[in-house]
Amino acid sequence: MLAGTLLALFSSAAWAAPLVTMYQDPNCGCCGAWAEHLEAEGFEVELHKTRDVRSVKIEHGVTPELASCHTALVEGYVIEGHVPAADIRRLLEERPDVVGLTVPGMPHGSPGMETGRYDDYQVLTWQHDDRTPAVFSEYTH
């Protein structure tokens with residue numbers, strides 16, 4: 001029984017998602033919906049409301065072409081916009097040499113943007129020295 005308890009404790013610790021620190025404008029509703037998506041997927045979200053999200057984006061290398069409505073940080077990576085939790089998990093498992101992930105704009109059907117309409121969209125990566133985005137994953141409907 002002790003071995004089973006220890007295995008259960010180890011397994012839950014191994015699957016524990018890290019803290020996501022998120023910056024959003026105080027008036028953004030879809031940002032809160034994205035945070036709820038992450039929390040439903042087991043992530044802990046620390047929310048910071050600020051009227052100067054642009055400064056956070058600039059500080060972390062998010063160009064206007066990569067930008068969305070909120071910016072988050074997790075284990076040294078930048079997560080910009082409505083990135084699905086599954087992609088964040090994959091990023092943290094694979095640990096590629098990138099700044100982070102972004103879903104530019106606010107595509108309908110992405111986490112936090114559930115409006116009943118579904119846009120095709122891509123999750124992109126970028127690097128500090130070359131901000132040309134590369135496709136990390138695609139969602140088509």
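## Around strand β5 and its sheet

In strand β5 (residues 100–103), G100 and T102 point one way while L101 and V103 point the other, and all are buried. Buried here means under 20% relative accessible area, with exposed over 50% and partly exposed in between (1.4 Å probe, protein chains only). Strands (E, at least two residues) and helices (H or I, at least four) are DSSP runs, numbered from the N terminus.

A word on the source: this is a predicted model, where local features need pLDDT of at least 70 and side-chain atom pairs count only at pLDDT 80 or more, while totals for chains, interfaces and linings use all residues. Residues are numbered from 1 along each chain as its sequence is written, and side-chain values use heavy atoms, with hydrogens and water left out.

Now the neighbours. Two strands pair if DSSP finds at least two bridges between them. The pairings go like this:

| Strands | Sense | Bridges | Facing residues |
|---|---|---|---|
| β4 (residues 77–81) and β5 | parallel | four | V78 and G100 |
| β5 and β6 (residues 121–126) | antiparallel | three | T102 and L124 |
| β3 (residues 71–74) and β4 | antiparallel | four | V74 and Y77 |

Between the parallel pair β4 and β5, the chain passes through helix α4 (residues 85–94), and this β-α-β crossover is left-handed. Right-handed would be a path running clockwise from the first strand over the helix to the second, with the strands pointing away from the viewer.

Zooming out, the sheet is open, with seven strands in the order β2-β1-β3-β4-β5-β6-β7 and mixed pairing. At the edges stand β2 (44–49) and β7 (134–139), each with a single partner strand, so one side of each has no neighbour in the sheet. From one strand to the next, the twist averages 20°. Angles run from 0 to 180 degrees between N-to-C directions, with axes as lines fitted to C-alpha atoms, for helices over the stretch in contact.

Two helices sit on this sheet. Helix α2 (residues 29–40) touches β1 (19–24), β2, β3 and β4, and its direction makes about 175° with that of β1. Helix α4 lies across β3, β4, β5, β6 and β7, at about 145° to β7. Contact means heavy atoms within 4.5 Å.

Not counting residues up to four places away in sequence, E80 touches L101, T102 and V103, among others including K57, V62 and H70.
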